[in-house]
Amino acid sequence: MVLLNPKNYKDRNYPDARSKEIMVKTIEWFENKGLAKVKEDFQSRVFTSDFAEFVKKERIFETLFLPKGYGEDPNQYYSTYRMFEYSEILGFYGSAYWYMFHVSTLGLDPVLLGDNEEAKHKAAAKLKENPLCAFGLSEKAHGADIYSSEMKLYPQADGTYLAKGSKYYIGNGNEAATVTVFGKIADTEDYVFFAVDSHHEKYECVKNVIACDQMYVAEFALHDYPITEADILSRGQKAWDDMLNTINVCKFNIGSAAIGLCEHSLYESLNHAAHRNIFGKNVTEFAHIRQLFFDSYIRTVAMKLFGLRATDYLRAANPEDRRYLLFNPLMKMKVATQGERVMEDLWDIIAARGFEKDMFFEQAAMEIKGMPKLEGTKHVNMALIAKLIPNYMFNPKEYPEVGRMNGSQNDDFLFNQGPTKGYGKIQFHDYMPVFNSVSHLSNVKVFIEQVKAFQEVLMVSGAGIMNQMMNFDFLFAMGEIFSVIPYAQLIVEAAKMEGVADEIINGIFDVFVRDMSNYATTFLMKPSTTEQQIESIKKIIKKPVTDAAEFDKVINDHIYTLIDTYTMNP
C-alpha cells in the first residue's frame, strides 16, 4: 500500500537496521503518548520539548541530518528518501513535531554547506547535547525580501566582529544550540552566514510571534554578539548560494508533512463515516460522500507518489542534471496546496465532528493551512516554476534512467550544489513518452489532449507572453495549468514502480482533467488574455471519461478496505 499506516510500518523494507529503528521507535513514541495527550498538548500550546528529549536520547537528528564524514557512526550517510519518510511520519502525528525537525535541518545545513570544517564538526557534536537548530533568515520589516537584510557584522580592530540586528519568524529560536544567521558585513555589504547560540548572553529571544500553536517561532535580537572567524560559515556569493541551496534541500519536507496530515485525517474520516448511520443508511453509501472519498483518496495517493518520485530526482542530481529544481518547488507548493484540497473534501464528510477537541482532524485542519505558506507564499514557488515552462514543454533532453533511490548512498551533490545560476537553462526528459505508456487509460487520453492544447496556447502567445507574465496574476494562472503536467509525469513514473493499479492511475487523471479544466477557465477570464489564447485555452476545458464500474472498484477495493485499519492509540 502506498499510504502510510503506522500499524503495519514494521513490514517495510529498509536499507539498514538503523533506518528502521528510528522510524519504528518514533511511531511507537507517538502511539505510546496517545491521541489524548497529543491533543491536550496541542490545545494547551505546549512546546514540544518532550519530543526534543526523545530525539536527543535516540540521537535521531544525528542519523538523519549528517552527511558522510560527520558524526560518530562510520556508516553515516544523508538520504533524502529517509528524510522524506521521517517528515511524513511527523506530519502524520502533528505539525509542531514536524516543525521542530524541519527548522532544525534548515538551521544545520548552512553549516554543512559552508566552508568552515571546524564549525561543521562542532555543530555535529552539539547535536548530542541539544539537537535543536534554527535558521535565522527572515526579518520583520522585509519578510521574504532576503536581499534587504539589516543584520550586520561590524568589523573590530582585533579582526573579530560584533553582530547587531534582529531576525523574525525563526523556528526553535528559543532553544537552538546552533542558530545560523544570514546577514551582511557592515563595511563591504558582502553577504555572510555565521553561527550563534540561543543561550548566549548577547542573544535575546524577544518573543514567540505565534500565539495559537505549540511551535516556538521566535523574534530574536543580537546585541553586540561577539563573532570570530571560527563562527563564520561562508561569505559573499557562497553565502548567498548556501542560503538558497539550504532551502532547496530542506523545504522539500513541507510536502511530506502535508501528506502525513492528510493520511491521518483520511483514516479518521473513513472510520467516522463507516460507523455513522443517517436516514437508514451508512454515511459511506451516499453518492456525494463516495465522490468526496474518491477525490480525497486519489489526491492523497497522488501526493505521495509525486513525493516518492521527486525524492529520486533529488538524490540523483548532479551538475549535469538539475531537474530537481522544478520538482522541488512543486513539492513545496503543489503537494501542499493539494493537501488543502484534500482536507476540505474530508471536512465535508466529517462535518461538525471535525471541530471536536478529541479528534485529530480538528488539529490537522488548522495545521494544513500553514504548509503552503511556510515558504513565505506559494507565489514565490510559482515564479520559479514559470521560468522553466519553455524548456520543459518544448526542449527535452535525454538523461540516464533514474531508478528508485531508496538505498543507503550518501546524497553528496546536495551538499555541493554550487552556484545558483542558469536556472532557466535547465532541461528535462520528454514527458510525452511517460504519458503515452499509460495512454490505454481513458482519462490519460483526455489529459494528453489537454497538454497539446496548452502547447498551442504557448505557441500562439509568441514573444508577447513575456510581457504578460510581468503581471503576476496572469503568470500564476498560467503556472497552475503548467504545474499539473510535471506533477502528473512523476506520478506516472512512481505508479509504475509501486505497482499501482490501472483504475487508481485512471482515477488520478480523472482528477487532473477536472483540475486542468478549472485552471483553464480561470486563465481564460484574465483581463490580459488575447483572443488567440482564448481560442486555444478553450480546448483544454474537457470532461473526464466516467466509468461507473471502475469508480465502484476504486471505492470498494481500495478506499473502503481502509476502514478501521488505523486508529491512533487513545
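This note sets out, point by point, the main features of a predicted model of a protein.

1. Overall make-up. The protein contains 20 helices and ten strands. Its radius of gyration is 24 Å, close to the 25 Å that the globule rule gives for 570 residues, so the protein is as compact as a globular protein of that length. Along the principal axes, the C-alpha trace extends over about 75 × 60 × 45 Å.

2. Burial and surface. Of the 570 residues in the protein, 61% are buried. The accessible surface amounts to about 21800 Å², and carbon and sulfur atoms contribute 52% of that area.

3. Contacts along the chain. Among the contacts in the protein with a separation of 6 or more, 81% are between residues 24 or more positions apart.

4. The largest nonpolar core. This core has 188 residues, and the members that touch the most others are Phe-447 and Phe-512. Once neighbours within four places in sequence are set aside, the residues in contact with Phe-447 are Phe-435, Val-484, Ile-485, Ala-488, Phe-509, Phe-512, Val-513 and Met-516. Another core, of 19 residues, lies apart from the largest one; Val-179, Val-181, Phe-220 and Ile-232 are among its members.

5. Strand β1 and its partner. Strand β1 covers residues 133-136 and is buried on both faces, with Cys-133 and Phe-135 on one side and Ala-134 and Gly-136 on the other. It runs parallel to strand β4, residues 178-185, and four bridges join the two strands. One point of this pairing involves Cys-133, whose bridge partner in β4 is Thr-178.

6. Cysteines. How many disulfides does the model contain? The count is zero. A disulfide requires two cysteine sulfur atoms within 2.5 Å. For Cys-205, the closest cysteine sulfur is that of Cys-133, and the two sulfurs are 16 Å apart, which is too far for a bond. The Cys-133 named here is also the residue that lies buried on one side of β1.

7. Is Cys-262 buried or exposed? Cys-262 counts as buried because its relative accessibility is 0%, and the limit for that class is under 20%. Cys-205, in contrast, has a relative accessibility of 28% and therefore counts as partly exposed.

Conventions: Residues numbered from 1 in each chain as written. Predicted model: local features only at pLDDT ≥ 70, side-chain atom pairs only at ≥ 80, totals over all residues. Heavy atoms only, no water. Buried < 20%, exposed > 50% of the residue type's maximum accessible area, 1.4 Å probe, protein only. Pairing = 2+ DSSP bridges. Core = buried A, V, L, I, M, F, W, Y, C linked by side-chain atoms within 4.5 Å. Contact = heavy atoms within 4.5 Å. Rg over C-alpha atoms; globule rule 2.2 N^0.38 Å. Areas by Shrake-Rupley, 256 points an atom, 1.4 Å probe, with all protein chains shown as cover.
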